[in-house]
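Please look over the sequence and the structure before reading on.

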Amino acid sequence: MSALPKWTPGEHVPADRPIRALLLDDSSFDRRRIRRYSEKSRLDVEFTEAPDLKSMERALEQGVFDLFLLDYQLPEGNGLRAVEMIRRTAVQSDAAVIMITGQQHREVAVEAMREGCHDLIPKDEMSPAMLRERMSAALARVRGTSVDQAQVQEPLQRALRKAMQSEAMQRLLEDGLRRAIRQEYLPTGLSEAGRIDALLGSYLEVDDFHFRT
């Protein structure tokens with residue numbers, strides 16, 4: 001495989017210094033892997049590592065970062081708690097935030113974006129090229145740099161599609177449909193649980209019934 005071309009900083013990162021990134025992950029193996037992928041991507045990144053939320057809190061007090069890479073699954077708390085800590089720190093308000101998730105946590109994509117993440121990277125699909133693309137696009141978004149819209153939207157759309165396909169998300173959607181049906185039909189007298197379940201089932205069983213994602 002040919003090496004990726006050297007990345008040229010744009011307006012979102014000064015050309016005279018590396019990208020300052022904080023990497024939150026309790027796994028030393030995964031931290032080394034992300035560092036290695038970053039080097040292969042030819043991004044000029046200066047990493048500060050944090051194995052837990054307490055270490056990250058200390059790092060926030062000591063420095064200002066351009067980018068945060070946050071593992072979702074942590075021994076105490078999770079990546080969403082880390083996003084909250086970042087947003088409470090005024091000097092970090094312009095930083096890009098990317099959540100890294102495992103296969104079992106794909107359903108967090110929607111919540112992560114709502115809480116202020118700029119992108120999501122599935123840990124089992126990460127590659128130097130993907131890391132380069134996502135980091136550059138996230139930095140460009142927070143700095144207002146002009147980028148190809150597809151470069152930003154396509155990764156997000158892929159993550160949302162995968163999240164919608166998860167069993168946990170399907171259960172949430174089904175519960176939401178049941179509540180909506182009860183609210184819609186309650187005034188007309190169609191309030192019996194059995195009839196509501198039957199109505200919902202008739203939709204879910206139709207092969208071409210789907211949500212646009």
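Over the whole structure, which is a predicted model, a search finds ten salt bridges. Side chains of opposite charge can pair when their charged atoms come close.

| Pair | Distance, N to O |
|---|---|
| Lys123 and Asp30 | 3.1 Å |
| Glu49 and Arg31 | 2.7 Å |
| Arg35 and Glu49 | 2.3 Å |

The side chains of Lys123 and Asp30 meet in a salt bridge. Lys123 sits in the loop between β5 and α5, while Asp30 belongs to helix α1 (residues 28–41), so this pair ties together parts that are 93 residues apart in sequence. Both Lys123 and Asp30 are buried.

Glu49 takes part in a salt bridge with Arg31. Because Glu49 lies in strand β2 (residues 45–50) and Arg31 in helix α1, the pair ties together parts 18 residues apart in sequence. Arg31 has a relative accessible area of 12% and is therefore buried. Glu49, with a relative accessible area of 32%, is partly exposed.

Glu49 also meets the side chain of Arg35 in a salt bridge. This pair links distant parts of the chain, with Arg35 in helix α1 and Glu49 in strand β2, 14 residues apart. Arg35 is partly exposed, at a relative accessible area of 30%. Elsewhere, salt bridges that share partners join Asp25, Asp30, Arg33, Asp71 and Lys123 into one network.

How many cavities of 30 Å³ or more does a search of the whole structure find? The search finds one. The largest cavity holds about 50 Å³ of space. Its lining consists of Leu120, Pro122, Glu125, Met130, Arg134, Pro155, Arg158, Ala159 and Lys162. Two or more lining residues come from each of β5 (119–122), α5 (128–143) and α6 (149–164), and α6 gives the largest share, four residues. By class, five residues of this lining are nonpolar, none is polar and four are charged.

The second largest pocket contains about 170 Å³ of space. Leu53, Lys54, Glu57, Leu60, Glu61, Arg81, Met85, Arg88 and Thr89 line this pocket. Helices α2 (53–62) and α3 (79–87) each supply at least two of the lining residues, with the largest share, five residues, coming from α2. The lining of the second largest pocket divides into three nonpolar, one polar and five charged residues.

Note on methods: Residues numbered from 1 in each chain as written. Predicted model: local features only at pLDDT ≥ 70, side-chain atom pairs only at ≥ 80, totals over all residues. Heavy atoms only, no water. 1 Å grid on protein atoms, 1.4 Å probe; cavity = no way out; pocket = protein on both sides within 12 Å on 5 of 7 lines; lining within 4 Å. Points joined across faces, edges and corners; volume = space filled by probe spheres on them. Nonpolar A, V, L, I, M, F, W, Y, C, P; charged D, E, K, R; others polar. Salt bridge = Lys/Arg side-chain N within 4 Å of Asp/Glu carboxyl O. Buried < 20%, exposed > 50% of the residue type's maximum accessible area, 1.4 Å probe, protein only.
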